[in-house]
Number of protein chains: 2
Amino acid sequence: MTTPRLKNSTTDAIGKIRALLGERLSTAAAVREQHGKDQTWNEGASPDAVAFVRDTGEVAAIVTICAEHQVPVIPFGTGTSLEGHFTAPYGGISIDVSGMNAILEVNAEDLDCRVEAGVTRKALNTALRDQGLFFPIDPGADASLGGMAATRASGTNAVRYGTMKDNVLGLTVVMPNGEVIRTGTRARKSSAGYDLTRLMVGSEGTLGVITEVQLKLQGIPESIAAGVCAFPSVEDCCRTTIETIQMGIPVARIELVDAEHIKAINAYSKLALAVTPTLFVEFHGTEAWTKEQSERFGEIAASHGGGPFDWATREEDRTRLWQARHDAFWATKNIKAGKAEAFATDVCVPISRLAECVEETRRDLEANDIYGPMIGHVGDGNFHVVLFADVNDAGEVKRVKAAYDRMINRALAMGGTCTGEHGIGAGKRAYLAREHGPALAVMQAIKRALDPLNIMNPGKNAAI
Amino acid sequence: MTTPRLKNSTTDAIGKIRALLGERLSTAAAVREQHGKDQTWNEGASPDAVAFVRDTGEVAAIVTICAEHQVPVIPFGTGTSLEGHFTAPYGGISIDVSGMNAILEVNAEDLDCRVEAGVTRKALNTALRDQGLFFPIDPGADASLGGMAATRASGTNAVRYGTMKDNVLGLTVVMPNGEVIRTGTRARKSSAGYDLTRLMVGSEGTLGVITEVQLKLQGIPESIAAGVCAFPSVEDCCRTTIETIQMGIPVARIELVDAEHIKAINAYSKLALAVTPTLFVEFHGTEAWTKEQSERFGEIAASHGGGPFDWATREEDRTRLWQARHDAFWATKNIKAGKAEAFATDVCVPISRLAECVEETRRDLEANDIYGPMIGHVGDGNFHVVLFADVNDAGEVKRVKAAYDRMINRALAMGGTCTGEHGIGAGKRAYLAREHGPALAVMQAIKRALDPLNIMNPGKNAAI
């Protein structure tokens with residue numbers, strides 16, 4: 001199934017959308033380009049126009065026009081995707097929801113809120129702080145909550161608070177025929193009907209455009225304890241993590257940073273951490289309880305050669321630590337500045353296989369002379385590699401891509417997934433069939449049923 | 001769309017299935033009846049035959065035969081559904097998976113396991129105990145894990161551990177065309193493709209037959225503190241719960257039992273609880289941490305007139321307490337023994353509206369002279385009413401059904417759902433459209449795409 005296109009369809013659709021949006025529809029080359037290329041090695045492709053929308057009604061009107069003219073629709077949030085989710089290989093209309101940035105309701109007693117899709121996670125947390133609430137999902141970038149829902153994002157807090165699939169209560173979605181549906185309710189749980197919320201979460205704009213998101217919130221913990229702990233090996237980091245989780249210690253964050261990454265972080269964030277595999281950890285709770293968690297974790301760590309533990313008790317030290325962790329990608333880019341492009345990717349495996357997967361990947365990269373620092377949401381078995389390649393060196397690019405392919409196959413062979421949190425987008429489509437086998441045909445049947453014209457983000461995820 | 005039936009189709013299908021299963025295909029009236037009627041007021045309807053299957057391959061073969069002859073397929077686990085999920089209004093073949101009761105793997109380091117669909121939750125927990133692990137989801141009945149996945153079940157632990165949607169990592173499913181798919185992986189999280197796992201969880205056998213379930217497990221807590229606390233009113237119970245959750249106290253169970261239910265429990269389980277709205281609570285953690293949680297909870301409860309707190313420190317006292325809670329349904333049935341039938345139902349609302357919803361429902365029942373004790377998973381905003389009616393008194397049945405209808409509309413008007421955990425089945429289909437509006441058509445489009453012949457559990461959930 002290729003995307004059907006009618007003669008003059010795009011011009012006609014753009015004319016009609018311009019009549020609705022006026023200046024808020026742009027066909028400027030720079031705007032189109034910015035909406036067609038991410039920061040990865042995934043090929044860019046500009047949409048024919050970018051619609052800066054203000055509300056669900058406008059999105060519905062645009063999708064209706066696009067359906068009539070069989071023109072592709074590509075949702076766009078903040079453009080921080082790492083897998084080419086918003087490129088437009090078949091052209092079409094990019095729907096930029098960044099102007100839909102209203103926090104519609106905050107229900108403190110129910111620990112939930114409703115936001116427009118363009119609200120970013122940091123904007124939401126700033127707005128919530130005074131009420132003692134926060135939203136825990138934190139991909140590195142300050143992504144939009146609509147985009148985070150669409151890509152099933154997670155981050156450092158997922159080990160305790162889950163991913164977007166666990167934190168979205170419901171959605172407003174413009175379907176491929178222009179109809180607006182609302183999934184979920186404000187109830188914390190429901191057994192009423194098919195779980196359309198979670199079908200849409202992670203569908204990457206291929207089943208509809210998310211315009212509003214109902215989210216679970218958390219109370220800001222009374223006490224937060226964070227710190228770093230150096231280990232002799234990745235294996236020791238992983239064993240410590242497994243025991244921590246088995247003991248039921250509700251660690252809020254537990255991040256593995258490999259020695260290469262520590263070097264980069266030290267240089268970029270002006271820290272002086274020991275250059276060895278390190279766990280960044282954080283505990284949430286009451287003062288007594290975080291103290292107990294920290295002590296127990298310290299004992300487990302020590303039994304695996306970890307320590308001493310370096311605690312960041314003051315909020316500013318904690319912030320600096322986690323900022324350094326969040327800046328890890330930029331830190332590695334900085335190391336290779338001008339000499340190579342950085343390509344971030346991720347896989348996720350059962351935690352019992354994590355050390356083996358990381359170590360085999362490390363050996364593979366070394367054997368092939370590839371610079372590829374690793375960082376892991378180790379509590380989830382999820383790890384990231386930033387692969388560097390000189391894009392003008394075809395041989396190096398080929399070598400890096402081959403190592404990347406082996407890494408994914410390694411994860412799949414260990415019972416894992418080709419992506420823990422970055423998504424499929426345009427970049428990992430080849431791996432969907434390998435991971436899901438005949439289940440991919442079921443995904444495609446759903447796609448065809450809901451979007452028979454294949455106008456919603458064609459060429460991404462399970463969309464052909 | 002009505003279920004298509006071909007001439008002689010059922011006889012032909014039964015013949016072919018008998019050739020496969022021999023004695024394990026039963027057409028005995030008693031067996032068919034037992035597989036066609038639950039313990040509720042939902043009308044029963046017997047299947048044409050019951051297939052006692054041994055493995056996924058047999059299920060696939062049967063579904064293939066049924067597809068060829070356009071004969072309905074109805075999955076059956078333990079028959080403990082409360083919404084007529086397994087009745088056979090269009091006849092067909094009941095696939096009884098209770099013989100598929102093998103625990104296929106337990107991965108202690110990864111806190112996961114894989115079981116055949118017929119394994120019950122109690123059987124799994126018995127098998128896990130020696131490894132210090134448990135599976136937390138506990139609907140009242142000792143249901144099969146396949147059935148629990150199919151109905152998106154939950155129970156008293158959901159406030160801390162989530163529902164089946166949060167605890168199923170993946171499934172093996174026989175699709176309506178007989179194809180076998182595996183959804184999910186052993187990774188804790190994934191962003192790869194559409195979330196078929198959660199589409200199947202809660203689809204109530206209308207999209208396929210679940211034959212294997214991969215589950216998340218938990219470590220058995222070091223320390224468990226449980227107790228009961230009496231309150232002046234339901235409102236006070238709810239306010240205490242809201243504050244407990246807002247404070248971030250990770251209560252493992254928090255159950256509201258109304259005065260009527262306490263009366264019934266006292267009689268049935270030989271307890272001497274004060275006859276007033278009561279919270280049953282439980283905390284999991286280390287000894288120091290459960291102590292701190294209990295104390296903090298005690299302070300919140302006291303500020304709302306609750307207490308004194310009656311702690312069950314010994315394991316046998318705790319077991320007795322929770323057994324009494326789990327037996328609440330039987331306790332109320334006992335009160336009205338022989339005089340009326342009991343019909344259990346549930347709704348779920350935002351927790352801030354729970355007191356109001358419970359109180360309005362209470363007044364409505366009193367005004368209409370209906371005996372209907374209530375019990376609530378109050379941390380989730382989910383509550384159950386056991387409605388009693390003399391089925392030979394048409395006027396009373398009508399009055400009870402009208403009150404039931406008002407209760408559901410009340411929950412929906414408060415932003416809630418028509419069922420928190422019992423499901424739609426045959427009984428609540430009328431409410432799906434009311435709750436979901438145009439989203440129901442999306443569910444039906446998915447159903448048509450995956451099961452164009454409408455053979456999978458027709459007449460249930462979103463299946464026409």
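Is the crossing of α14(B) and α15(B) left-handed or right-handed? The crossing is right-handed, the term for a near helix turned clockwise from the far one by less than a right angle.

## Model and numbering

This is a predicted model, in which local features need pLDDT of at least 70, side-chain atom pairs count only at pLDDT 80 or more, and totals for chains, interfaces and linings use all residues. Residues are numbered from 1 along each chain as its sequence is written, and chains are lettered from A and ligands numbered from 1 in the order in which they are written.

## Helix pair in chain B

Helix α14 (residues 354–367) and helix α15 (residues 394–413) of chain B have axes that come within 10 Å and cross at roughly 160°. That makes α14(B) roughly antiparallel to α15(B) (angles over 145 degrees). Helices are DSSP runs of H or I with at least four residues, strands runs of E with at least two, numbered from the N terminus.

Residues are in contact if their C-beta atoms, placed from the backbone, lie within 7 Å.

## Chain A against chain B

The contact takes 78 residues from chain A and 77 residues from chain B. On the chain A side, α17(A) gives the most, with nine residues.

A rotation of 180° with 0.0 Å of shift along its axis superposes chain A on chain B, with RMSD 0.0 Å. That is the relation of a two-fold axis. Superposition is by least squares on C-alpha atoms of residues with pLDDT of at least 70 in both copies.

Definitions and conventions: Contact = placed C-beta atoms within 7 Å. Axes fitted to C-alpha atoms, helices over the stretch in contact; angles between N-to-C directions. Parallel < 35°, antiparallel > 145°, perpendicular 65-115°, else oblique.
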